[in-house]
Amino acid sequence: MASEEQLSTIKGAKVLMVGAGGIGCELLKTLALSGFEDIHIIDMDTIEVSNLNRQFLFRQKHVGQSKAKVAREAVLKFRPHIKITPYHANVKDPEFNVDFFKQFNVVLNGLDNLDARRHVNRLCLASGVPLVESGTTGFLGQVTVHVKGKTECYECQSKPAPKTYPVCTITSTPSKFVHCIVWAKDLLFAKLFGDKNQDNDLNVHSTDASSSSEHAEDVFVRKADEDIEQYGRRIYDHVFGYNIEVALRNEETWKSRNKPRPLYTRDVLPPRPVEQNGNKDKASTTGDPSSVSAMASLGLKNPQDLWSLRENSDIFLEALKLFFLKREKEIGQLGFDKDDQLAVEFVTSAANIRAASFGIPLHNLFEAKGIAGNIVHAVATTNAIIAGLIVLEAMKVLQNDVKSYRMTYCLEHPSRKMLLMPVQPFEPNKSCYVCSETPLTLEINTHRSKLRDFVDKIVKAKLGMSLPLIMHGVALLYEVGDDLEEVEVTNYAANLDKVLSELPSPVTGGTILTVEDLQQELKCSVNIKHREEFDEEKEPDGMVLSGWTPALATEKNKTSDNDPSSFNASQTVPLEPEDDDEIEIINKDPAILAAGKKRKQSDISVAANSEISSVTGEIPTKSKVEKDDSHSDIVTVDGNLDTNKKKRVQ
């Protein structure tokens, strides 16, 4: 039972919740039932059907409505006298600045992405407000406490990078089903239904002068008066037939690999009678574009049935046709969405046809959707446990009980008869550029790289700044904001396309740049070191940043921080998480996690040296985790317990 003093502290606290999804619903309910009376919620999302299995504050009738607002209404039904303030907005919006954060006693995160987490962490540091972080993935979960000057901040340790695969593997030598999914989703779907002008080499695989004129043109452009059925079969024959034949010409590639089999519609499918097309058009008629389904049109009902090559080919052609018949206005601007039934059907069928060509086992639609959306299905009870732990840590923070702070990990299997592993927080990392303001070093060719490269690849992609300001001494090189004069906007835009050494205040080796984000109130120094050459495969950005806590690669293969919308031989294609139960799992090397500072290393059966991490948090697991090719999101590294020398908060 809470004491009178504790109850008084709880009732008088003003709490900010960021995120009203899987964890957020449980957290809001637990806060309300624990006596908190002034709660603010920020969430930019609306409710989807797929949320209803775990976000219990929502019902079918709420689909399409604001999560924050509906969550408030649901909780007020059983706690009508408390104050809940919802914000249907992005936490990165300018209104949620440092002054906004200063009004709260504690911030509680239930977010689903790294970018927003870093942003909230910086605002909490700037405002001096304690932050309680959290995350879940399946049966695993964790809660961590971050208090400025007392514990490490959220960015003191390395965070995960999205799962990536080399483009050459995706386009030429797939060996896993996930490679086929990435090819179907990020290359084929994007080429057919996304931006037609994007850099995509699906239709350019040979410079052989003997190639027919048919393949010298862009086969993805539908010809005038071309029947949809003919267009679909032409696309099928090109990507699954002709492109495979071209790949087979490079005999060196297949000396140690199984050769793929070119697939053509003439071999897989008989010509379709005209009357069947008419019947299918009728079957797929609907007023709601999002409900259009190739499966329904073809009479296939169970998403867990494994389709044959013939059925996958039928689905492929039918899905492509339905996009043109029912959703033609969207073509040219579509991106893959796991909640778009027709898109999932198209990607599943395309990936399966490619898998059949390369001798890779096929997957059903349910499995393929999980891989394409990076879905690790959520467990509602894990969310409830984590929400309870968040509230417990919030109570400790409100009472300034530093000695009782704990990072707590929820495990899938007992470790020393424990499913909850409490660990004392660590002290701030003295080399953290966020909370310790340690200078960074950037190796870059100042005679070739432009200011735009520095802004996009370093300031935004790696340092996570939203509204950056860049200075060389007293010279302002770049700034963004709504209050800029038109002439300033023009000048800064012009600077972006200038080589660093040719800027009005030249940036060369030895230059120190000051980079600041006014919204986050974060400032750091970047020491510029000129370097002539870079390894195109290992250093695809053409620059190397040192002194920060980088996102770790999830594969031993090369990775890239470049925009995944453009592809070349040195880049990789990421699988991007999209929801609070869709995650990326990777390894990192933090300090030993033990339930108490006196526990011996030999007693630790959960070694955090090979901790798995996701966009919903870092969760420790055993020092060896079997790699699961079917989900392709678990990577293993053997831990080394002797290398950890971080200090815990006393």
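The structure is a predicted model, in which local features need pLDDT of at least 70 and side-chain atom pairs count only at pLDDT 80 or more, while totals for chains, interfaces and linings use all residues. Residues are numbered from 1 along each chain as its sequence is written, and side-chain values use heavy atoms, with hydrogens and water left out.

The chain holds 17 helices and 19 strands; here helices (H or I, at least four residues) and strands (E, at least two) are DSSP runs, numbered from the N terminus. Of its 650 residues, 54% count as buried, where buried means under 20% relative accessible area, exposed over 50%, and partly exposed in between (1.4 Å probe, protein chains only).

Two strands are taken to pair if DSSP finds at least two bridges between them. Strands of a sheet pair through backbone hydrogen bonds, either parallel or antiparallel. The parallel sense applies to β4 (residues 106-109) and β5 (residues 131-137), which pair over 2 bridges. Within this pair, Leu 108 stands opposite Val 132 in β5.

Strand β5 is mostly covered, with 7 of its 7 residues buried. Both of its faces are involved: Leu 131, Glu 133, Gly 135 and Thr 137 are buried on one side, and Val 132, Ser 134 and Thr 136 on the other.

Thr 144 is a residue of strand β6 (residues 140-146). Its relative accessibility is 5%, so Thr 144 counts as buried. Leaving aside residues up to four places away in sequence, Thr 144 touches Leu 131, Val 132, Glu 133, Met 407 and Tyr 409. The side chain of Thr 144 also makes a polar contact with that of His 146 at 2.8 Å. A polar contact is a pair of N or O atoms within 3.5 Å; within protein, one must be able to donate a hydrogen and the other to accept it, and residues adjacent in sequence count only if both atoms are side-chain atoms.

Elsewhere, the axes of α7 (residues 177-193) and α14 (residues 365-372) come within 10 Å and cross at roughly 75 degrees. The two helices are therefore roughly perpendicular, a label given to angles of 65 to 115 degrees (under 35 is roughly parallel, over 145 roughly antiparallel, and the rest oblique). Phe 177, Val 178, Ile 181 and Lys 185 of α7 meet Ala 368, Ile 371 and Ala 372 of α14. By class, this contact has 6 nonpolar, no polar and 1 charged residues. Ala, Val, Leu, Ile, Met, Phe, Trp, Tyr, Cys and Pro count as nonpolar, Asp, Glu, Lys and Arg as charged, and the others, Gly among them, as polar.

In α14, the buried residues are Leu 365, Ala 368, Gly 370, Ile 371 and Ala 372, and what covers them includes α7, α11 (294-298) and α13 (341-357). Asn 364 caps the N-terminal end of α14, with a side-chain oxygen 3.1 Å from the backbone nitrogen of Phe 366. Just after α14, Asn 374 takes a positive phi of about 55 degrees.

Two loop residues complete the picture. Ser 449, in the loop between β10 (440-444) and α16 (451-460), is buried because its relative accessibility is 8%. Asp 497, in the loop between α17 (486-496) and β13 (512-517), is partly exposed at 44%. The C-alpha atoms of Asp 497 and Leu 451 are separated by 6.5 Å, although these residues are 46 apart along the chain. The side chain of Asp 497 makes a polar contact with the side chain of Arg 452 (3.0 Å).

Definitions and conventions: Axes are lines fitted to C-alpha atoms, for helices over the stretch in contact, and angles run from 0 to 180 degrees between N-to-C directions. Contact means heavy atoms within 4.5 Å.
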